[in-house]
Amino acid sequence: CKLDIAKACLKALMQQLQPDDHLSIILFDHMREVLLPMTKWSDANKEGLDKAIDELRPRGGTVLSAALQDASKQITGGGHFPDEKYFTNRIIMLTDMETHGDQAEVLNIVQKN
């Protein structure tokens with residue numbers, strides 16, 4: 001199933017993180033939910049996060065634009081990084097790309113960032 005592949009990819013990414021790295025995880029389908037707000041990896045509840053990822057189930061359609069907006073806020077907003085010029089920010093979306101009519105908005109958000 002597609003979600004199982006996404007969960008495995010997310011866990012593989014988490015295994016590569018260093019203590020000073022920061023991570024935010026936003027779940028999205030027809031709704032969006034911040035599973036993990038921007039958190040320094042050394043401060044993250046890794047066992048709880050691993051369990052929450054295991055418990056993810058398919059829930060509905062995909063609204064990419066709302067998830068991208070939330071992701072942009074997580075990496076650009078609010079002092080998560082004391083000296084941001086030394087950090088590289090990335091948004092990694094694990095999706096089947098089957099959007100529900102918001103393709104133009106997705107492109108607009110990507111172009112702005």
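This is a predicted model: local features need pLDDT of at least 70, side-chain atom pairs count only at pLDDT 80 or more; totals for chains, interfaces and linings use all residues.

User: Why is the contact between Asp 4 and Lys 7 called a salt bridge?

Analyst: The closest N and O atoms of Asp 4 and Lys 7 are 3.8 Å apart. The cut-off is 4 Å between a side-chain nitrogen of Lys or Arg and a carboxyl oxygen of Asp or Glu, so the label applies. Asp 4 and Lys 7 are three residues apart in helix α1, and therefore about one helical turn separates them.

User: What makes Lys 7 buried but Asp 4 partly exposed?

Analyst: Lys 7 has a relative accessible area of 11%, and buried means under 20%. Asp 4 has 43%, which falls between the limits of 20% and 50% and is therefore called partly exposed.

User: How do you know that Arg 32 and Asp 70 form a salt bridge, and which elements hold them?

Analyst: Their N to O distance is 2.5 Å, within the 4 Å limit. Arg 32 lies in strand β2 and Asp 70 in helix α3, so the pair ties together parts 38 residues apart in sequence. Asp 70 is buried at 14%, whereas Arg 32 is partly exposed at 42%.

User: What makes Lys 46 count as a charge over the ring of Trp 41?

Analyst: Lys 46 is 4.9 Å from the ring centre and lies over the face of Trp 41.

Technical notes:
Residues are numbered from 1 along each chain as its sequence is written. Side-chain values use heavy atoms; hydrogens and water are left out. A charge sits over a ring if NZ of Lys or CZ of Arg is within 6 Å of the ring centre and within 35 degrees of the ring normal. Helices (H or I, at least four residues) and strands (E, at least two) are DSSP runs, numbered from the N terminus. Buried means under 20% relative accessible area, exposed over 50%, partly exposed in between (1.4 Å probe, protein chains only).
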